[in-house]
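Here is a short briefing on a single structure.

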Amino acid sequence: MNQFAVKGFIFTVSIYTLLHFITYFYENADLSLLLSAFGVLVLLSALLLLPFKKIQLQLFLMLMALLVLYATSNSFGADLIQALQQMRSLIGLLLIVPMISWVLKEEPYIEEIMSFAHNFLNKSQKFYFGLMAMTQVISHFLLFGSVPMMYRFIDTFLKEHKDEAWENFKGTAILRGFGLSTLWVISIPSFIFAVEALEATLWKSMALGFVFALAGTFLSVIFSYYQEKKYGVDFSLVLKQEIDKALKNSRNQGKWNKDVAEFVFLFVSLFGTIFLVHELTGLEFLLTIPLVILGWTLFYFLFKKKSSNLAVETRYYFSAGIAKQAQQFSILIAAGLLIYALNQSDIGDYVISGMNLLTDVVPVLNILFLVPFIVILLGFIGLGPLPVIVLVTGVLEAIPFPYPPELVVLAVTSGSVISIILSPFVMPVIILSSINGLSGIQNGLRFNLKFAIAFYIMVQLFIQTLIHL
């Protein structure tokens with residue numbers, strides 16, 4: 001990787017984020033202009049850093065945005081400056097959220113949670129449910145990094161069991177668990193962006209998403225039960241043997257597990273503080289979350305007297321770690337350009353006209369029935385969950401819906417769930433395939449298609465029943 005390009009990208013995206021926070025609290029025209037200038041530099045440095053195949057989408061989005069702005073804008077320069085700031089909050093969030101993972105590396109929290117819950121996890125369906133639930137909890141901290149972390153943990157736990165039956169058991173639980181987390185986890189950027197863009201009430205969207213994440217988890221357990229019967233393998237017997245081995249290695253042998261209690265406190269303190277700060281200050285969540293994470297992470301390392309570990313993590317992140325997200329950062333800024341341009345045009349009117357025409361032809365259809373398919377389609381051309389949600393909700397926010405915004409959020413994010421578990425071209429499936437040795441088609445479509453269809457039907461039955469009451 002070109003070190004000059006790496007340093008250039010890290011510097012520009014870091015200054016862009018810093019200026020975002022400064023100009024939010026201190027409005028200044030010169031600093032605002034400088035923020036947009038660094039947006040251009042982020043795109044240019046990403047162009048130097050990334051291979052051509054990883055920058056094609058950004059170039060296409062930028063070209064389309066410039067064409068739309070040129071054709072529709074009355075003030076091209078002023079609109080371009082604003083367009084470069086469209087994704088500023090999301091860039092700030094995406095830069096800061098990975099710092100949560102630094103905390104999770106410090107103690108064997110996941111191993112101890114599994115050991116502590118051994119009585120609950122002694123049957124295959126219970127273990128599957130627990131694995132999906134734990135993946136969703138860890139997603140609060142690691143985002144899609146929860147996929148490789150949970151797989152490596154569970155693969156170490158089941159290191160002697162690597163045939164297709166076990167890979168189906170492990171892979172589907174982790175992939176579906178992460179997919180379902182995008183319905184309700186507040187630190188998942190795609191979810192919080194959809195809530196903010198569509199002006200939905202956060203607690204209602206989280207509650208609705210959690211209900212369907214829970215329902216999806218139970219649905220997945222049912223599919224797992226029949227899949228176990230199909231393979232003819234007794235997962236429960238093997239799991240009980242492996243759990244007994246793990247119990248002997250736990251560093252908390254009594255009923256009280258210090259690591260589990262500490263993890264629960266960390267979880268509650270982080271997300272409780274986010275809601276508390278939001279209520280007390282009125283700051284938008286896209287700003288509250290990264291600021292709280294910064295303070296929370298710093299306090300953790302200082303309290304544990306591990307400031308040297310914090311220095312190591314910080315040094316690595318700001319010398320190499322940020323550059324690994326270059327594609328995602330550049331896609332967001334390019335997508336922001338296009339979203340701003342489309343919102344300045346009459347695209348919302350065209351979408352409504354097209355949907356009205358379609359519903360006239362097929363009266364049972366409405367936009368909430370079709371939105372998930374748009375998200376799924378974009379996932380199958382290689383767009384990850386975040387840029388897909390950004391593009392779709394960026395257009396939808398300009399449309400006056402006759403439905404509660406929380407239902408629109410659910411429709412969009414349900415499409416994201418299906419895209420994550422099916423598409424062999426999105427990062428979660430690519431990562432899983434790289435570590436379990438199976439193809440993206442097998443990990444995605446083959447293992448999850450029936451579940452995806454059932455999940456779509458379940459969500460749509462609820463949405464369509466509610467809007468037709």
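F169 is buried, because its relative accessibility is 1% and the cut-off for buried is under 20%. The model is predicted.

**Aromatic pairs**

- A pair of aromatic rings is described by the distance of the centres and the angle of the planes.
- The count of aromatic pairs comes to 23.
- Y24 and F25 form an edge-to-face pair, because their planes meet at 75° and the cut-off for that class is over 60 degrees. Their ring centres lie 5.2 Å apart.
- Y24 is partly exposed, at 31% relative accessibility. F25 counts as exposed, at 53%.
- A cluster joined by ring pairs takes in F127, Y128, W166, F169 and F235.

**The cavity**

- How many cavities of 30 Å³ or more does the structure hold? There is one.
- The largest cavity has a volume of about 30 Å³.
- Which helices each supply at least two residues of the lining? They are α10 (164-181) and α12 (202-231).
- α12 gives the most, with four residues.
- By class, four lining residues are nonpolar, three are polar and one is charged.

- T23 lies in helix α1, which spans residues 3-25. T23 counts as buried, at 7% relative accessibility.
- A polar atom of the T23 side chain lies 2.6 Å from the backbone oxygen of L19. The T23 side chain also reaches the backbone oxygen of H20, at 3.3 Å.
- Beyond its neighbours within four places in sequence, T23 is in contact with L31, S32, L35 and R88.
- R88 is one of the buried residues of α5. Helix α5 (residues 88-96) is mostly covered, with nine of its nine residues buried.
- The buried residues of α5 also include S89, L90, I91 and G92. L93, L94, L95 and I96 are buried as well.

**Helix α22 and G437**

- Helix α22 covers residues 427-436, and its buried residues are P428, V429, I431, L432, S433 and N436.
- G437 lies in the loop between α22 and α23 (440-468).
- Is G437 buried or exposed? G437 is exposed, because its relative accessible area is 66% and the cut-off for exposed is over 50%.
- The C-alpha atoms of G437 and K162 are separated by 9.9 Å. Along the chain, these two residues are 275 residues apart.

Terms used: Residues numbered from 1 in each chain as written. Predicted model: local features only at pLDDT ≥ 70, side-chain atom pairs only at ≥ 80, totals over all residues. Heavy atoms only, no water. 1 Å grid on protein atoms, 1.4 Å probe; cavity = no way out; pocket = protein on both sides within 12 Å on 5 of 7 lines; lining within 4 Å. Points joined across faces, edges and corners; volume = space filled by probe spheres on them. Nonpolar A, V, L, I, M, F, W, Y, C, P; charged D, E, K, R; others polar. Buried < 20%, exposed > 50% of the residue type's maximum accessible area, 1.4 Å probe, protein only. Polar contact = N/O pair within 3.5 Å; in protein donor to acceptor, adjacent residues only side chain to side chain. Contact = heavy atoms within 4.5 Å. Phe/Tyr/Trp six-rings, centres within 6.5 Å; stacked < 30°, edge-to-face > 60°.
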